[in-house]
Amino acid sequence: MSQIQHQTVINQMKMKERVDSPWMDMWRRLRKQKLAMIGGFIILFFILLAFSAPLLTSYSYKAVELPSRFLPPFSEGHFLGTDDLGRDLFTRIIYGAQISLRVGFLAVIGSVIIGTFLGLLAGYYGKWVDMLISRIFDIMLAFPSILLAIAIVTILGRSLTNALIAIAIVNIPTYGRLVRSKVLTLKEEEFIIAAKAVGMKDSRIIYNHLLPNSMTPIIVQGTLGIATAIIETAALGFLGLGAEPPIPEWGTMLADSKDYIQLAPWTVIFPGVSIMLVVLGFNLFGDGLRDALDPKMKL
Amino acid sequence: MLAYTIRRLLMLIPVLIGMSLLVFSIIHLIPGDPAKTILGEKASPEVLENMREELGLNDPLLIQYKNYMLGLVQGDLGTSIRTKVPIAKEMKPYLAGTMELTFFAMAFALFIGVNAGILAAWKQNSWFDYMAMLIALIGVSMPVFWLGLMEQWVFAQNLHWLPSIGRSSIINPVHPISHFYIIDTILVGDFGGLLEVLKHLILPSIALGTIPMAIIARMTRSSMLEVMRSDYIRTAKAKGVKEFFLVYKHALKNAFIPILTVVGLQTGLLLGGAVLTETIFAWPGIGKYLYDAISIRDYPVIQSGILIIAFIFVMINLIVDLLYSAIDPRIRYR
């Protein structure tokens, strides 16, 4: 190898060392995924809409104004038209974005925390702990998820908070199983065996070694999980088991306006398109994350 | 194979017991008095007491569970509060309705999904590939209930091509024998009725089948791409096997195993989605039955509806697992 080539290789290695933080690395790989970037933009767009809702509209999402009911889109002052009670649809959609995103995030955070905890316990301790936790997961997974959510809401009663709780509970096994299987493979790795050999405490092994090393699949699954959680919230709302009117949750809005579809199709089209776009955004972004972080899981 | 089947059946027992416990607890976990929740705050004490007696809520919890389990084993799913008819009897036609719908939804999802996936893999990076994967991406993100509403609006209300609600025409109702309307109309030779039944099936099947179709299409594509790169395919190609047979005969056989797993997982989604689809299309199935029960707080029906759907789901997964191990013997030795 010539002197110059040798020098370039060394320089390249130096450069690599400087930028090689795992987050930067992830971002670099993620940036190459066109679809993931589109998904990211969709998510960002809706987050911006949701946060700036009070700035973007002067209407209230619940102010009834019967004289101006069923105004078509692009009417004066009503960009997306109005619904059966004369409420501005654009206002309701962007406040709905707040609700969907919040419920989606919170539900996933809830299931991730509990699922990860249970998964770590089951994977690390094995034996009867694993038996017990895995059987509970099996039983929960024996129910189609929306059905289990329906069961929980029937017990707790109808409200947006209860829908959130139901969705969080229903998705616990997804993350629990993921973490458990990851821990099972990690347990055989030398660094964990070494940690045990030097007498490190279980809690330290779990939180300092197992947890950080199981994060990648959780981040990927969590991103895709937000999409599922948003659809499930809307589904519960549509079935009359989620947010109560006048809360502008998208699924509840669809249920309210479905009888007017012939008269005012826009009241059905826009909430539905919103759900689909946000869910598409999270699906695209999640798929991209998976390809960037975990090439083995590539679909 | 027998040992695996037995092991798989034994694993089912704790799951089934857990399921029954969970469903049993629904009525007991309601905060406050279930009888009051069902009948409302204004109900008189005697009426409330009667309701408690009817639901067996006055017995000790263990006795209640024992009675519940004894009933279940004998096929007794309790009695509907609204209609006073035994649920097991009332549910049969609904069960057939749901099975007919999910069957057609799955058939749609498999037929379109597998073929689109194969073609996309075959003509990788062609415009067809891009279009199919774009549609699949959108399909995965589609809320079933909204798709259903849109279908009704476009194809039933505006174009008048297809009926928007129900299982058969009201003017010429199907005489139920097995409650599977396709079979019933064929049995009596009523082919006009059969056509009507099929027409009623189209929109709800598409709504329900879209998400599984999209997932199957993506899975088929990636699975086919992997198989198409393997040595035996190249050998077959070198020996001059026609491309059509290469793809549909040689490659598909091996690509089908992961597809089958996805199909098994999707049935859960399908059964869950049935609640939403049936509600929109006023389809007399278990989902609609359950939905109606929720709105009037008919708890025994809610419990049994959920239990039956979960039971079907568990059984389908069992069948898929067994099929899976029959196709690929390596599974048994995990």
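## Two domains of chain B

In this predicted model, 19 residues of domain 1 of chain B are in contact with 15 residues of domain 2 of chain B. The domain assignment gives residues 2-73 to domain 1 and residues 92-327 to domain 2. The C-alpha centres of domain 1 and domain 2 of chain B lie 32 Å apart.

## A nonpolar patch on chain B

Six residues form a nonpolar patch on the surface: L2(B), I6(B), L10(B), I13(B), I17(B) and L21(B). Together they have about 570 Å² of accessible area. I6(B) lies in helix α1 of chain B, which covers residues 2-29. How accessible is I6(B)? Its relative accessible area is 44%, so I6(B) is partly exposed. The class of partly exposed runs between the 20% limit for buried and the 50% limit for exposed.

## The loop between α3 and α4 of chain B

G56(B) is found in the loop between α3 (45-55) and α4 of chain B. Is G56(B) buried or exposed? With a relative accessible area of 17%, G56(B) is buried, because buried means under 20%. G56(B) and Y68(B) are 12 residues apart in sequence. In space, their C-alpha atoms are 9.6 Å apart.

## The loop between α4 and α5 of chain B

The next loop runs between α4 (61-73) and α5 (87-122) of chain B, and V85(B) has its place there. K84(B) is found in this loop too. K84(B) has a positive phi of about 60°, although K84(B) is not a glycine. Its relative accessible area is 51%, so K84(B) is exposed; the cut-off for exposed is over 50%.

V85(B) is partly exposed, with a relative accessible area of 27%. Which residues does V85(B) contact, leaving aside its neighbours within four places in sequence? They are T79(B), S80(B) and E90(B). K123(B) is 38 residues from V85(B) in sequence. The distance between V85(B) and K123(B) is 57 Å, C-alpha to C-alpha.

## Helix α12 of chain A

Helix α12 of chain A has 24 residues, 215-238.

How many of the 24 residues of α12(A) are buried? The count is 19, so the helix is largely enclosed by the rest of the structure.

## After α12 of chain A

G240(A) follows α12(A), and its phi is positive, near 80°. Further on comes a pair of prolines, P245(A) and P246(A), joined by a cis peptide bond. The omega of this bond is about 10°. P246(A) is found in the loop between α12 and α13 (250-257) of chain A.

## A positive phi in chain A

K127(A) has its place in helix α6 of chain A, residues 127-141. K127(A) is not a glycine, yet its phi is positive, about 45°. Is K127(A) buried or exposed? The relative accessible area is 72%, so K127(A) is exposed.

Notes
Residues are numbered from 1 along each chain as its sequence is written. Chains are lettered from A and ligands numbered from 1 in the order in which they are written. This is a predicted model: local features need pLDDT of at least 70, side-chain atom pairs count only at pLDDT 80 or more; totals for chains, interfaces and linings use all residues. Side-chain values use heavy atoms; hydrogens and water are left out. Helices (H or I, at least four residues) and strands (E, at least two) are DSSP runs, numbered from the N terminus. The expected span of a helix is 1.5 Å times one less than its number of residues. Buried means under 20% relative accessible area, exposed over 50%, partly exposed in between (1.4 Å probe, protein chains only). Contact means heavy atoms within 4.5 Å. Patches are made of residues with over 30% relative accessible area and no salt bridge: like charges are joined within 9 Å, nonpolar side chains (Val, Leu, Ile, Met, Phe, Trp, Tyr) within 5 Å. Accessible areas come from the Shrake-Rupley method with a 1.4 Å probe; for residues, only the protein chains shown count as cover. A salt bridge is a side-chain nitrogen of Lys or Arg within 4 Å of a carboxyl oxygen of Asp or Glu. Domain bounds come from an automatic or database domain assignment.
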